[in-house]
Amino acid sequence: MPRSSSRKGTTNLKESGNSPVMDLFRGGSSKASSKDTGRHDQLFYTYANHSSDMIDPDGIVSLCSDLGVDHTDVRILMLAWTMQAEKQGYFTLHCCVNAFSWQDEWRRGLKELRADSLSKLQKAVLDLDNKVRKSSSFPDFYSFAFRYCLTEEKQKCIDTESICILLDLVLGCQFRAQVDALTQYLKQQTDYKVINMDQWNAFYRFCNEINFSTFENYDPDLAWPLILDNFVDWMRLKRDKA
Amino acid sequence: MNQREIIDFHEGWKFMQNGITKLKSILEGAAETHFTSEEHIMLYTTIYNMCTQKPPHDYSQQLYDKYKESFHEYITSSVLPSLKERHDEFMLRELVRRWQNHQVMARWLSRFFFYLDRYFISRRSLPPLMEVGLTCFRELVYQEVKVKVRDAVISLIDREREGEQIDRALLKNVLDIFVEIGNGLMDFYEKDFEDAMLKDTGAYYSRKASNWIVDDSCPDYMLKAENCLRREKERVSHYLHSSSETKLLEKVQHELLFVYATQLLEKEQSGCHALLMDEKVEDLSRMYRLFSKISGGLEPVSNTFKQHVTAEGSALVKQAEDAVSQKKTDKKDVVGVQEQVFVRKVIDLHDKFMAYVNNCFLNHTLFHKALKDAFEVFCNKGVAGSSNAELLATFCDNILKKGGSEKLSDEAIEETLEKVVKLLAYIGDKDLFAEFYRKKLARRLLFNKSANDDHERSILTKLKQQCGGQFTSKMEGMVTDLTLARENQTHFEEYLNNNPTANPGIDLTVTVLTTGFWPSYKSFDLNLPVEMVKCIEVFKEFYETKTKHRKLTWIYSFGTCNVNGKFESKTIELVVTTHQAAALLLFNTSNRLSYQEIMAQLNLSDEDVVRLLHSLSCAKYKILNKEPSTKVISPNDVFEFNGKFTDKMRHIKIHLPPGDEKKKVIEDVDKDRRYAIDASIIRIMKSRKVLGYQQLVSECVEQLSRMFKPDVKAIKKRIEDLITRDYLERDKDNANLFKYLA
């Protein structure tokens with residue numbers, strides 16, 4: 001079924017060859033053969049809701065089970081990133097459910113992954129975690145994760161509960177100690193009920209740059225967000241007491 | 001005779017020799033002879049002839065040599081021996097005598113041999129005769145005796161220092177020799193005398209100082225030092241060469257002051273700190289005079305001064321805090337007498353120490369700064385929970401309101417206001433002061449409590465001078481509003497006259513305020529008594545005839561009402577606030593009302609109801625009876641009109657104390673500060689486009705410092721907020737860099 005080119009309510013996505021996703025999967029051919037497209041579409045419609053032309057949460061769940069990956073797994077998020085999916089995902093307290101809406105995104109993602117069948121897709125997805133974490137585009141994925149969770153149109157912040165989940169998902173493997181500490185702090189502090197993009201980005205920088213055992217290179221006179229200044233003070237107090 | 005006879009050299013010289021011998025005997029003081037003009041001319045002419053004879057009889061060179069020899073001979077045979085056999089002062093005298101003689105001799109001989117000076121010396125590039133003479137004396141006499149002479153002079157100087165009377169004229173003459181022997185150069189004076197003299201002086205004072213510093217108190221030591229310096233200066237004028245003055249005084253200052261500066265200033269009972277404590281103004285002035293002469297001398301003094309002022313100021317703070325804590329707890333939030341006394345004391349302290357800066361320390365910038373730093377320390381501490389900003393504002397209010405300072409003369413009031421404004425310079429939170437001041441000004445203006453319009457305007461002028469126009473613009477607006485309000489009232493009254501049906505039957509005065517100028521007030525929807533409702537409507541109608549573009553918000557909490565209370569014995573006119581009047585009028589319809597009923601009917605907050613009922617039932621005039629008749633209002637109380645109330649006056653004012661404004665003021669100021677910080681950040685970023693975090697913070701602090709000292713964390717928070725609102729963004733590569741988003 002040919003897709004109409006008009007889209008509802010989406011902003012422009014990067015389609016150029018400079019997307020970080022393309023960096024990840026270097027050298028993907030820019031022209032898809034009609035045979036490939038056909039297979040992509042086939043796969044799409046296996047899971048898509050025919051009336052709305054999108055893979056809705058139910059479709060995702062079945063896709064995930066076919067892939068052998070839990071739908072709360074970070075690799076699904078990474079898949080969404082690969083597709084440069086729009087901010088259609090949403091997190092509830094207990095599960096992370098994504099909706100892949102448009103076929104173009106689907107096509108793009110599968111093209112990048114060079115997957116035109118379920119088995120190839122499965123292989124690619126299972127490998128995504130490794131690939132993305134080690135790549136130089138990880139920071140872009142990290143920012144994407146935040147944006148993806150902004151469900152309302154003018155929404156700029158995410159509540160702290162969801163942030164904790166997201167942090168665990170995205171940074172848990174690499175920075176276990178930091179994520180645990182931050183989560184604990186965020187849950188007990190009352191100054192901030194929501195976290196914005198700037199603070200979110202700063203968390204990543206913090207994990208990368210600051211010596212977590214001593215905080216000796218943390219300088220509150222620099223432009224770190226206030227929430228991190230407070231976090232470091234809190235950590236120091238805790239450690240002094242211990 | 002036309003032709004001159006050739007003078008043979010030996011002949012001629014013999015003749016000259018006689019002349020020289022005669023000269024010598026005159027010098028020795030032997031005979032009272034002198035040269036006659038003839039003798040003079042003969043001697044001169046002999047030389048002339050011998051020089052102008054034709055060769056081989058021109059004897060210029062030989063004569064030149066002989067001239068020199070004459071000095072040699074005389075010096076070695078007479079002068080040196082006589083000097084060698086004398087010592088000390090006697091030697092000095094002999095030297096002076098011989099030097100003076102020598103100058104006479106040189107002068108005379110030069111006259112005799114003058115012709116050589118005219119042509120011979122320049123032809124052969126030889127030194128002139130006087131110089132030859134000088135050089136002879138220098139080489140043969142001066143160089144021989146200079147060390148002995150120097151030592152003799154120095155020992156005389158030291159004796160004079162010890163109090164002996166010495167022959168100053170002699171020393172002057174001796175030292176003149178050292179100067180003149182240089183023939184224009186000071187080298188001999190400096191190397192052969194001054195250097196050693198300075199060294200000796202240094203050693204002398206070093207010894208003295210090491211004793212004095214142990215034995216003497218600081219003031220005594222300083223007095224001695226000052227005297228020594230004075231005497232050394234005199235010494236220069238008496239016999240030393242003027243060029244020695246600077247070096248000499250520096251040496252003395254070094255040994256007496258520089259070396260022992262710290263020990264002197266830190267002397268336990270009598271050092272700088274002690275002098276300040278004991279208010280020894282004269283000693284401190286001396287200290288300033290002396291220490292200003294040595295490099296880095298004043299810094300420790302100004303530091304001690306600063307510490308002293310800070311300590312005194314902090315003591316005042318503690319004193320006030322202690323006094324306040326002894327007060328009963330129920331009056332804790334009200335700025336009371338103790339705090340006012342504190343402000344007065346701080347003003348006096350400032351006067352006292354400013355006098356020190358002006359008089360003892362001669363207005364030196366170091367001390368002005370020390371005073372400023374000290375005051376900034378303790379003027380920002382606050383007393384018992386009230387900030388200094390509030391204390392100062394209350395202080396001003398007390399002066400400016402009726403019944404505040406009527407005992408003081410106009411000049412005294414002006415002076416005090418002047419001083420208060422000066423103190424404001426030390427307070428960081430100037431915007432807090434402005435807000436408190438504004439709140440109190442509003443009360444004074446609206447309740448007609450201002451004592452004197454001129455003083456009100458005068459302090460605003462002073463504040464404007466000190467803090468800029470922006471600081472006082474709102475306050476000035478408030479004062480102007482009142483003037484306009486009076487005009488407006490006149491128009492309103494005309495309107496009522498022209499529209500008799502509109503008249504509400506109650507005398508109504510309305511003051512219309514411009515919102516931006518006045519402090520913000522929570523306006524409650526007080527349920528007005530019916531009688532008053534009509535008033536409001538009438539005024540609204542009238543106001544709409546003047547302008548349709550403005551909205552009126554009624555602030556009943558500032559209204560005043562005259563209500564007639566028909567008590568059993570007599571009717572008394574009660575002057576109350578609108579809130580109080582509304583409460584009282586409820587009793588026109590019901591004799592007994594409970595607290596809850598009153599609150600419900602009035603539609604006010606608990607806080608306001610408690611205050612107003614208290615003023616009517618538990619204060620000086622009990623218009624209402626309260627059950628139970630405790631002194632505290634509780635929600636279970638019941639109130640009744642007190643028909644039996646009476647007073648000898650027919651007209652009484654029932655005071656309603658203002659609620660706690662402090663919290664609201666601080667809230668308002670905090671809010672304004674957030675806006676101010678935002679505006680400042682945006683202003684800076686707009687012009688710089690890209691700026692590092694630390695620079696942004698420091699520029700922001702500087703921009704705002706006129707009004708308050710912003711907390712760095714607060715600035716950080718505002719920056720984050722502005723990022724969220726898309727005014728700024730963080731640079732992708734450098735997390736400490738911000739960019740302005742147009």
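**Close-up views of a predicted two-chain model**

**View 1. B:Glu476 pairs with B:Lys464 in a salt bridge, their closest N and O atoms 3.6 Å apart.** A salt bridge here is a side-chain nitrogen of Lys or Arg within 4 Å of a carboxyl oxygen of Asp or Glu. The pair ties together distant parts of the chain, with B:Glu476 in helix H21 (residues 469-498) of chain B and B:Lys464 in helix H20 of chain B, twelve residues apart. Helices (H or I, at least four residues) and strands (E, at least two) are DSSP runs, numbered from the N terminus. B:Glu476 is partly exposed at 27% relative accessibility, and B:Lys464 is partly exposed at 38%. Buried means under 20% relative accessible area, exposed over 50%, and partly exposed in between (1.4 Å probe, protein chains only).

A word on the model before moving on: it is predicted, so local features need pLDDT of at least 70 and side-chain atom pairs count only at pLDDT 80 or more, while totals for chains, interfaces and linings use all residues. Residues are numbered from 1 along each chain as its sequence is written, chains are lettered from A and ligands numbered from 1 in the order in which they are written, and side-chain values use heavy atoms, leaving out hydrogens and water.

**View 2. B:His455 sits in helix H20 (residues 453-467) of chain B.** B:His455 counts as buried because its relative accessibility is 7%. Its side chain makes a polar contact of 3.3 Å with that of B:Glu414; such a contact is a pair of N or O atoms within 3.5 Å, where within protein one must be able to donate a hydrogen and the other to accept it, and residues adjacent in sequence count only if both atoms are side-chain atoms. Setting aside neighbours within four places in sequence, B:His455 also touches B:Leu400, B:Asp410, B:Ile413 and B:Leu417 (contact means heavy atoms within 4.5 Å).

**View 3. B:Lys419 and B:Glu415 form a salt bridge, 3.1 Å between the closest N and O atoms.** Both residues lie in helix H18 (residues 410-424) of chain B, four residues apart, or about one turn of the helix. B:Lys419 is partly exposed at 25%, and so is B:Glu415 at 46%.

**View 4. B:Phe433 belongs to the residues with the most contacts inside the largest nonpolar core, which has 93 residues.** A nonpolar core is a set of buried Ala, Val, Leu, Ile, Met, Phe, Trp, Tyr and Cys residues joined through side-chain atoms within 4.5 Å. Not counting residues up to four places away in sequence, B:Phe433 touches several residues, including B:Leu392, B:Cys396, B:Leu463 and B:Phe471.

**View 5. Chain B meets chain A with 13 residues from chain B and 16 residues from chain A.** In chain B, B:Lys716, B:Glu720 and B:Arg730 lose the most area to chain A, together 37% of what that side buries. Buried area is the accessible area (1.4 Å probe) that two parts lose on being put together, summed over both; here it is about 1,300 Å², with 45% from carbon and sulfur atoms. Four salt bridges run between the chains. One of them joins B:Arg730 to A:Asp198, at 2.7 Å between the closest N and O atoms. Helix H28 of chain B gives the most to the side touching chain A, with six residues.
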